[in-house]
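Student: I would like a close look at one part of this model. Please keep it to helix packing and ring contacts.

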Amino acid sequence: MISVLLYEYLRDLTNQEPLLVKPIQTGPFPDTDFYQACHIEKQNIVHFYSMSLEASPHIASRKEHQWIDLLVLKEKANVVLKKNRPTIFELAGGLLSPINDSQTMLDMIKLLQLPVILVADNYLGAINHTLLTTSLLQSESIPIAGLVFNSSKANEKNDMEDLSQWMTDKTGITQIGKLPYLEDLTHWLKSRTKKRELSKEWHLNVYK
């Protein structure tokens, strides 16, 4: 859902139709179908590997007799990037989620050499999770474009405010914006006006 809002934000910021890329997806309900349900046109959605089994990519690809090759993935990504349009790559899982028997999402990020946007939620353990992720990215000299704070729990607005301020102060990473808890998120994401309302106060410097 953050990717859908970033798509809308970048469309307004750059006056171009962005590309939304899901390099690897697993499960019976692909994210690319969800993007279309949010009124992103099919020609602006890209995926490279898709498995129907709901499992980690390295397990799903093995059971469905696909091999995820990062060099092939990079070639496909370069074709997309040469279109010179705002492009969002949404990963599957966390940094150390395995892609195949020897490589992880972190290896893919390093290969693509793109800045990372981190999404932090307000669940128990989010601080530890976000700080560990930040530390790992920084240790690999991977640029972090900013933080987006997502509230998946109702009636915790103050907690999210405290959490976002603390993390921003602690890490020194720019805060791109926040997504408040929404009872019917799908309803919001299907309306361009509502999507723009949700991201109207966001700030992302990658394209400025």
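Which residues in α1 meet which residues in α9?

Tutor: Bear in mind that this is a predicted model. From α1 come V4, L5, E8, Y9, R11 and D12. Facing them in α9 are R192, K195, R196, L198 and S199. By class, this contact holds six charged residues, four nonpolar and one polar.

Now the geometry. Two packed helices are described by the angle between their axes and the distance between the axes. Helix α1 covers residues 2–14, and helix α9 covers residues 192–199. Their axes come within 9 Å and cross at roughly 90°. An angle of 65 to 115 degrees counts as roughly perpendicular, so α1 and α9 are roughly perpendicular to each other.

K194 lies over the face of W188, at 4.8 Å from the ring centre. Aromatic pairs are another matter: a search of the whole structure finds zero.

Helix α4 (residues 70–81) and helix α5 (residues 105–112) have axes that come within 10 Å. The crossing angle is roughly 45°, and α4 and α5 are therefore oblique to each other. Their crossing is right-handed. On the α4 side, L70, L71, L73, K74 and A77 make the contact. The residues here divide into seven nonpolar, two charged and no polar.

Methods
Residues are numbered from 1 along each chain as its sequence is written. This is a predicted model: local features need pLDDT of at least 70, side-chain atom pairs count only at pLDDT 80 or more; totals for chains, interfaces and linings use all residues. Side-chain values use heavy atoms; hydrogens and water are left out. Axes are lines fitted to C-alpha atoms, for helices over the stretch in contact, and angles run from 0 to 180 degrees between N-to-C directions. Helices (H or I, at least four residues) and strands (E, at least two) are DSSP runs, numbered from the N terminus. Angles under 35 degrees count as roughly parallel, over 145 as roughly antiparallel, 65 to 115 as roughly perpendicular and the rest as oblique. A crossing is left-handed if the near helix is turned anticlockwise from the far one by less than a right angle, and right-handed if clockwise. Contact means heavy atoms within 4.5 Å. Ala, Val, Leu, Ile, Met, Phe, Trp, Tyr, Cys and Pro count as nonpolar, Asp, Glu, Lys and Arg as charged, and the others, Gly among them, as polar. Rings of Phe, Tyr and Trp (its six-membered ring) pair if their centres lie within 6.5 Å; planes under 30 degrees apart count as stacked, over 60 as edge-to-face and the rest as tilted. A charge sits over a ring if NZ of Lys or CZ of Arg is within 6 Å of the ring centre and within 35 degrees of the ring normal.
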